[in-house]
Amino acid sequence: MPLLLVGLAGAAQVQPLDAQGTKIGSTLRYGSGFFNVPAASTLPHLAITGTYSGFGISVDERVFISQRGIEKGRLSGEWSEWLQDASVAIGLFDRVELGASFQNFADAEDGGNMVGAFGRVALVSPESSGFGLAVGARFVSGPSFSGEGQDHIPPRLGFPDIRFYGEYEGGLVDDMATSFSPYAMATFQLAGVDSDALPEHDLTFGLGYGMGMFGGSGSDLGWYGRRYSRGWLAATALHIQLSRGVLLNLMGEYDGWDFNTGLQLDVGGIRAGAYVLGIQHVENSTIYRSSRFGVMASLALCPGGSGLLCRPELMPRPEPIQLPAPPPDTVVIERTTEVPIELSMERTLCLATGENGTVMATPEGAEVIAVEALGGVYAADAEWFNNDSEIEHGGYPYEKVGEQINPNCATITRVGEWMGVPLFAESAAAGEDPIPMIYVPVTPGRWQPYELPARVRG
């Protein structure tokens, strides 16, 4: 808890970062992360997630123990149970994540309800540099069985177990403390291989250390688990972008006790997943030393974003740099006109270079010639332009609309390109997502507006 308070105080002194995405999925019951292992990232400011998870346990026999924690015998016969949890989390200032968990919806005979709280502070955000560092803690209340006078504590699977005490007679079992679990977590995010044969993807690696439920509490109990990492945690995830706003997360982790693996599909903030906990267990000898299959569902809301649901995004890719073609020495534009133009009448044309150019009329008024070099790449001869095809920018489609115009180059800004032709937008709207109107240079001084289609504007 002191470590978390120090992190919260530090976060209060730091300016918020640029809004983060929700690429990292949801843990089963403790906010964003992998399955049981947390991540160094946090939810964006005021983003909210609600998560349900459940997994099944099925073993052929149950272990009975003495008050000293020693195995007394086993009861044969299949024992099956479906365990379920729910949680809610909120992000603050792009650096803090807080939430609550609700576990084991049962009456007092079966341990009653267990509730928890969790929090995390990103000391270094992985969205800013690829490397992240966070500190956090989890707290879960112990179960309360009717008729039992001893204090019980929550086991690592998050459900009440009448055999799991805070203290056993004779002092044979040490370090039984699982209600409070502080941790520190480092995360590394890498952009995937740039290849036409592969979909766009990112990689995330996590390494951390935790106490409490992550540590060795219960390792002296053979039926609970003999092998543990003494608090070390590791996780990895492959994030595959199937389409815009649709992300498939393939994840694996070691939570200090078990190796877990599975996947989560995020469709614009609506998430669903399946997983296996304890894949290294093949004997299924006890509840804690068996493989367990489960499912999860989560909803991520981002009211401060462009829509109500959060949209998962990969790390930003640098836009390719394309050098403009060298400008010609002189560009001659021929045009006919029904109204005679006075001698030496000057006009200003907005060029594809983003600069204004000056032209003048001939004495006959039948043609206009350049008085200075008019450079840039234009769409007049492009097949897609002449076929009235849609163009794309920032992942959004745009369609040709209205008459051609001659804008003032001082009021527009280049925002990208399409098929080698530069794209411009009003400077005041260049930072919007999506940009409402795009301008394409057709010839010097003639620009075609392109607008988001009605199906996208909603």
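Here are my entries, in the order I looked things up.

**Entry 1, the whole chain.** I reminded myself that this is a predicted model. I counted four helices and 22 strands in the protein chain. Of its 458 residues, 47% are buried. I then checked contacts with a separation of 6 or more, and 59% of them join residues 24 or more positions apart. The chain exposes about 22,200 Å², with 57% of that supplied by carbon and sulfur atoms.

Which residues make the nonpolar surface patch of about 540 Å²? I found L123, V124, F131, L133, F188, L190 and F205. The elements giving two or more residues to this patch are β4 (114-124), β5 (131-140) and β6 (180-191).

I picked L133, which lies in strand β5. Is L133 buried or partly exposed? Its relative accessibility is 30%, so I noted L133 as partly exposed. The strand around it is mostly covered, as seven of the 10 residues in β5 are buried.

I looked up how β5 pairs. With β4 it forms an antiparallel pairing over eight bridges, and R138 in β5 stands opposite F118. With β6, β5 pairs in the antiparallel sense over nine bridges. There, F139 has F180 in β6 as its bridge partner.

Conventions:
Residues are numbered from 1 along each chain as its sequence is written. This is a predicted model: local features need pLDDT of at least 70, side-chain atom pairs count only at pLDDT 80 or more; totals for chains, interfaces and linings use all residues. Side-chain values use heavy atoms; hydrogens and water are left out. Buried means under 20% relative accessible area, exposed over 50%, partly exposed in between (1.4 Å probe, protein chains only). Contact means heavy atoms within 4.5 Å. Accessible areas come from the Shrake-Rupley method with a 1.4 Å probe; for residues, only the protein chains shown count as cover. Patches are made of residues with over 30% relative accessible area and no salt bridge: like charges are joined within 9 Å, nonpolar side chains (Val, Leu, Ile, Met, Phe, Trp, Tyr) within 5 Å. A salt bridge is a side-chain nitrogen of Lys or Arg within 4 Å of a carboxyl oxygen of Asp or Glu. Two strands pair if DSSP finds at least two bridges between them.
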